[in-house]
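Here is my note on the model. Please read it with the coordinates open.

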Amino acid sequence: MNVPNDWVDVHAHFTPPTTPEERRARWQAMREECFTLPAPYHWSLEETLRAMDRDGIAMQLLSNIPTDHAALAASNDYGAWLVREHPSRFGLLAAVPTDDPDAALAEIERARTQLGADGFAVTTVYNGVPLGDPALDAVWAELDRLGATVFIHPDAYAPGSMGRPSPLIEVAFDTARTITDLVYRAHFRRFPHLTHVVAHCGGALPALSGRLGLLGGEAWVPNPEGLTPADITGQLGRLYLDTAATATDHTLAAALLMTGPEHIVYGSDSGVPCSTDRTIRANLEALLASQVLDRAQIDAVGRAAFRLFPSARARHDQSRARHDQARAATTRHDGPGGTATCAR
């Protein structure tokens, strides 16, 4: 495989330390929801770094969104610790509990002032509350004031459907429903300073975007904001879409028509049981072999997320500069066979 160089992965998960008993209980619960994982899943920092080095990934933006508020805060704490320990390899997208506006605002402030979060992560429907709930307007207004970048992920732990687990196809429609709801609330127009990155190349949304543009402004569609077809397609065009499990040309072609190549960012979906080394590598190979993007565009996709997270970019650039300086110093002072030489 043609290995990327110095890419950033916007869609990577992690798990705070767990006991074997906790992992087994989670595994059993997943199997009851049609997720036939053969053994309990265990996230490993060492294996993650190894895979990043293998695949040419310089940095991952980490996210994890537990449904319990205390667990969510503890997860954000652990994510911040990972960044402190490996500042040039990881960034934190702090989880926001969007079922409670006050709790959400408090966690945003804590993540920003105490944890040094690079951005924020939310779930399409968190404990039954969708992102378009009007009660969350104050939360979105605060994130807009901050000029934040927000990663939107579907509910991958929703019940299975027709005997198959939700990560297979349900997440794609969950994403499309939620983003469509936000469009009809004029969310992306009302909060212009927010940047949204949507997981899995927007799920089913790119394939439906033409239909929304064609029919979405018709009189038979409830439209309290009075959106025109141009309003609808304009809001959709503002979205950034990641390539997690969706980097084949089948999906990219529709995504490019909806947003354009400059709004596609690399995502692996690593760190969860529905992603394996095989699927992550196959997805990466599909992106590298794309026929709808040229080589320069593919490489730009791999680095695009650095534009969205300036603090993470700064840590990466500082580390690279130190590495380059150290290599230059070695070149100056080590002659043939390692013999020190003097520069005149």
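1. Arg313 is partly exposed, at a relative accessible area of 37%. The classes used here are buried (under 20% relative accessible area), exposed (over 50%) and partly exposed (in between), with a 1.4 Å probe and protein chains only. Asp317 is also partly exposed, at 32%. Arg313 and Asp317 form a salt bridge, their closest N and O atoms being 3.2 Å apart. A salt bridge here is a side-chain nitrogen of Lys or Arg within 4 Å of a carboxyl oxygen of Asp or Glu. Both residues lie in helix α14 (residues 310-333), four residues apart, about one turn of the helix. Elsewhere, salt bridges with shared partners join Glu47, Arg50, Arg54, Asp55, Asp277 and Arg281 into one network.

2. A word on the basis. This is a predicted model: local features need pLDDT of at least 70 and side-chain atom pairs pLDDT 80 or more, while totals for chains, interfaces and linings use all residues. Residues are numbered from 1 along each chain as its sequence is written, and side-chain values use heavy atoms, leaving out hydrogens and water. Helices (H or I, at least four residues) and strands (E, at least two) are DSSP runs, numbered from the N terminus.

3. The structure holds 18 salt bridges. Two further ones deserve a look. Arg303 pairs with Asp299, the closest N and O atoms being 2.2 Å apart. Both sit in helix α12 (residues 295-303), four residues apart. Arg303 is partly exposed, at 27%, and so is Asp299, at 24%. In the other, Glu142 meets Arg145, with closest N and O atoms 2.8 Å apart. These two are three residues apart in helix α5 (residues 137-146), so about one helical turn separates them. Glu142 is buried, at 17%, whereas Arg145 is exposed, at 56%. An α-helix has 3.6 residues a turn, so residues three or four places apart point the same way.

4. Just after α6, Ala186 takes a positive phi of about 55°.

5. Helix α6 is mostly covered, with eleven of its 15 residues buried. Among them are Asp174, Ile179 and Tyr184. Their cover includes β5 (125-126), β7 (149-153), α7 (187-190), β8 (195-198), α8 (205-215) and α9 (229-237).

6. The largest nonpolar core has 67 residues, and Trp140, Leu143, Ile179, Leu236, Leu239 and Leu287 have the most contacts inside it. Such a core is a set of buried Ala, Val, Leu, Ile, Met, Phe, Trp, Tyr and Cys residues joined through side-chain atoms within 4.5 Å. Helix α6 gives the most to this core, with six residues. A second, separate core of 21 residues includes Val8, Leu72, Ala121 and Phe151.

7. Which residues form a nonpolar patch on the surface? Leu168, Ile169 and Phe173 do, with about 300 Å² of accessible area together. Patch members have over 30% relative accessible area and no salt bridge, with nonpolar side chains (Val, Leu, Ile, Met, Phe, Trp, Tyr) joined within 5 Å. Areas come from the Shrake-Rupley method with a 1.4 Å probe. Leu168 lies in the loop between β7 and α6 and is exposed, at 56%.

Definitions and conventions:
Contact means heavy atoms within 4.5 Å. Patches are made of residues with over 30% relative accessible area and no salt bridge: like charges are joined within 9 Å, nonpolar side chains (Val, Leu, Ile, Met, Phe, Trp, Tyr) within 5 Å.
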